Amino acid sequence: MRIFEIVKENVNLREAAELYGIDVNRYGKALCPFHNDRHPSLYVADDHYYCFACGEHGDVIDFVGRLFQLSPYDAARKLMTDFHLSPDKPPSAAALHAKRIRTEAQQLMENERLCFSVLSDYARVLRDWKVRYAPQSPDAPVHARFMEACHKLDETEYYLDILCVGDSHERAEVVQQQMADGKLDRLRRRLEKIHKEELEDGYDTAGVA
């Protein structure tokens with residue numbers, strides 16, 4: 001249906017989220033409105049969203065439908081109204097083409113946001129594991145998750161520091177290194193599985209049982 005195409009081609013999800021009161025930080029993270037989120041777990045990109053805690057995900061129409069409990073069609077109509085779009089006067093082909101084009105700098109910024117989001121989530125998990133799985137006595141067996149936290153936490157925080165305060169070349173190197181060969185995507189999927197297990201076990205990865 002044309003209304004869905006017009007919305008998806010012309011409404012930036014991050015702009016829509018902010019219009020509806022979601023405070024998105026510079027790294028694309030926000031408190032998820034779909035569960036009781038105490039630490040920013042929602043990643044908001046230009047064309048999709050994903051919550052690392054509850055698993056909610058989708059495009060801008062899914063987001064608005066979920067946020068306001070609307071059907072996809074009604075969510076699209078709301079977006080048409082709120083962003084002053086008209087089905088009778090769709091944007092020109094040139095305007096649509098320009099909207100689809102992302103500059104290299106824009107793509108790098110998007111990749112930086114995703115990289116920071118995944119690594120910050122991983123660091124939070126590692127900090128929790130370092131405490132939760134610490135050996136209770138010198139003779140106690142060492143849990144694999146405690147070992148991973150000891151080995152990976154400093155490295156992960158180092159990369160996060162570069163993404164926060166490094167120059168553009170340093171940040172680009174970290175992003176390239178993390179995204180090479182699907183490494184970041186594998187970590188993201190692993191974190192999804194970890195969070196799902198934590199929720200099923202009734203344990204909050206923020207550190208509250």
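Modeller: Start with contacts: two residues touch when heavy atoms lie within 4.5 Å. In the protein chain, 59% of the contacts with a separation of 6 or more join residues 24 or more positions apart.

Biologist: What kind of model is this?

Modeller: This is a predicted model: local features need pLDDT of at least 70, side-chain atom pairs count only at pLDDT 80 or more, and totals for chains, interfaces and linings use all residues. Residues are numbered from 1 along each chain as its sequence is written, and side-chain values use heavy atoms, without hydrogens and water.

Biologist: How many helices and strands are in the protein chain?

Modeller: Both are DSSP runs numbered from the N terminus: helices are H or I with at least four residues, strands E with at least two. Here the protein chain has 9 helices and 4 strands. From the N terminus on, the order is α-α-β-β-β-β-α-α-α-α-α-α-α.

Biologist: What percentage of the residues counts as buried?

Modeller: Buried means under 20% relative accessible area, exposed over 50%, and partly exposed lies in between (1.4 Å probe, protein chains only). Of the 209 residues of the protein chain, 38% are buried. The chain exposes about 12,000 Å², and carbon and sulfur atoms supply 53% of that area. Those areas come from the Shrake-Rupley method with a 1.4 Å probe; for residues, only the protein chains shown count as cover.

Biologist: How do the strands pair, parallel or antiparallel?

Modeller: Two strands pair if DSSP finds at least two bridges between them. Here 4 strands form an open, antiparallel sheet in the order β1-β2-β3-β4. The edges are β1 (29–30) and β4 (57–58), each pairing on one side only. Strand β3 (residues 49–51) meets β4 over 2 bridges. Y49 has G58 in β4 as its bridge partner.

Biologist: How many aromatic pairs are there?

Modeller: Rings of Phe, Tyr and Trp (its six-membered ring) pair if their centres lie within 6.5 Å; planes under 30 degrees apart are stacked, over 60 edge-to-face, and the rest tilted. The count is 8 aromatic pairs. Y27 and F116 are stacked, because their ring centres are 3.8 Å apart and their planes at 15 degrees. Y27 lies in the loop between α2 (13–19) and β1, and F116 in helix α6 (residues 104–132), so the pair ties together parts 89 residues apart in sequence. Y27 is buried at 11% relative accessibility, and F116 is buried at 13%.

Biologist: Which way do Y50 and F52 pair, stacked or edge-to-face?

Modeller: Their centres are 5.3 Å apart and their planes at 80 degrees, so Y50 and F52 are edge-to-face. Y50 is buried at 14% relative accessibility, and F52 at 3%. Elsewhere, ring pairs link F34, Y49 and F63 into a cluster.

Biologist: Where does α7 bend?

Modeller: The bend at a residue is the angle between axes fitted to the seven residues ending there and the seven starting there. α7 bends by about 40 degrees at K152. The expected span of a helix is 1.5 Å times one less than its number of residues. Helix α7 (residues 144–165) has 22 residues and reaches 32 Å between its first and last C-alpha, close to the 32 Å expected. Its buried residues include F146, A149, L153, T156, L160 and L163.

Biologist: Is Q69 buried or exposed?

Modeller: Q69 is exposed, at 63% relative accessibility. Q69 is not a glycine, yet has a positive phi of about 55 degrees. Q69 sits in the loop between α3 (60–68) and α4 (72–82). D181, also not a glycine, has a positive phi near 55 degrees. D181 lies in the loop between α8 (168–179) and α9 (183–200), and is exposed at 72% relative accessibility.
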